[in-house]
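Here is a short report on one protein model. Look at the sequence and structure first, then read on.

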Amino acid sequence: MIDPSRIAIDIFGVTSNTNWITQLKSAKEIRNTWYEQVEDDVLRFYIELRHPQHWGYGLTYDSAGKRLVIRVKRQPAVMDIHHLRIAIDAGHGGDNSGASGLTSKALEKEYTLLIAKELQKTLKRAGVRQVFMTRTKDTSLSMPERIEMLKEYNPDLLVSIHLNSAATDTVQGTSTYYRYIGFRPLSMTILNQMLTLGLKEYGNVGNFNFALSGPTDYPNALVEVAFLSNPSDEKRILNPKFHKAVAQKIYLGIADWLKQLK
Ligand SMILES: [Zn+2]
């Protein structure tokens, strides 16, 4: 949730029998926590955060399986892009080609990888030391495999790169997607930068059920760069200069997001 920044967790099949919440002044990210019994068997926890942006959280059971543990990530100590761990996912790959170009038959999987590699280069050139790529070749990777790799790497944020496609060739433009409202700001600053490329606005799409936006562990955004199914978008997508320009805009979008948070 945003304004104020908080995490809300519904736990189903649970009725509270406690009157005890310990709050710690030493907690670095958590300002306040409370719960309410919203239905007879639904308990809702609220965790109010100290910072306007939440950096992710994870839910696990302890080893005995008796306690639910909610781990809230702290905001990075140094809010500088150089210090962030940034993950990039090039959509599709291997036996999953994704969409294909209207006239060129260009495969989405090839162009998402080209753009992802440009983004990796751009970030490295800008001094970002830790960049993680889910793939650097034409690899077949399932969504669960990607999620497992990402959770293992534990990034500060993830950008997924795809190319869009529609049934009618007049649909065009750039768009970004988020699943949870708390991660919307990153998708907005990236979209704002993408729009300076002169692409049409397809929009900022929320509540989007994309597998890699499912994890709550780190802020993430999906970028659907442009439409392979539209002639003018397709022409741009085929141009290597455009890949560099897109990479630059995504980088600037991440930088804008960080600036907003300072
Ligand atoms: Zn795709």
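## A salt bridge at aspartate 62

Aspartate 62 is partly exposed, at 22% relative accessibility. Buried means under 20% relative accessible area, exposed over 50%, and partly exposed in between (1.4 Å probe, protein chains only). Aspartate 62 forms a salt bridge with arginine 67, with the closest N and O atoms 3.5 Å apart. A salt bridge is a side-chain nitrogen of Lys or Arg within 4 Å of a carboxyl oxygen of Asp or Glu. Arginine 67 is exposed, at 57%.

The model is predicted: local features need pLDDT of at least 70, side-chain atom pairs count only at pLDDT 80 or more, and totals for chains, interfaces and linings use all residues. Residues are numbered from 1 along each chain as its sequence is written, and side-chain values use heavy atoms, leaving out hydrogens and water.

Lysine 151 lies in helix H2 and aspartate 217 in the loop between strands E10 and E11, so the pair ties together parts that are 66 residues apart in sequence. Helices (H or I, at least four residues) and strands (E, at least two) are DSSP runs, numbered from the N terminus.

## An enclosed strand

Strand E8 covers residues 157-164. Eight of its eight residues are buried, so the rest of the structure largely encloses E8. Strand E6 pairs with E8 in the parallel sense over five bridges. Strands pair if DSSP finds at least two bridges between them. E8 also runs parallel to E11, joined by six bridges.
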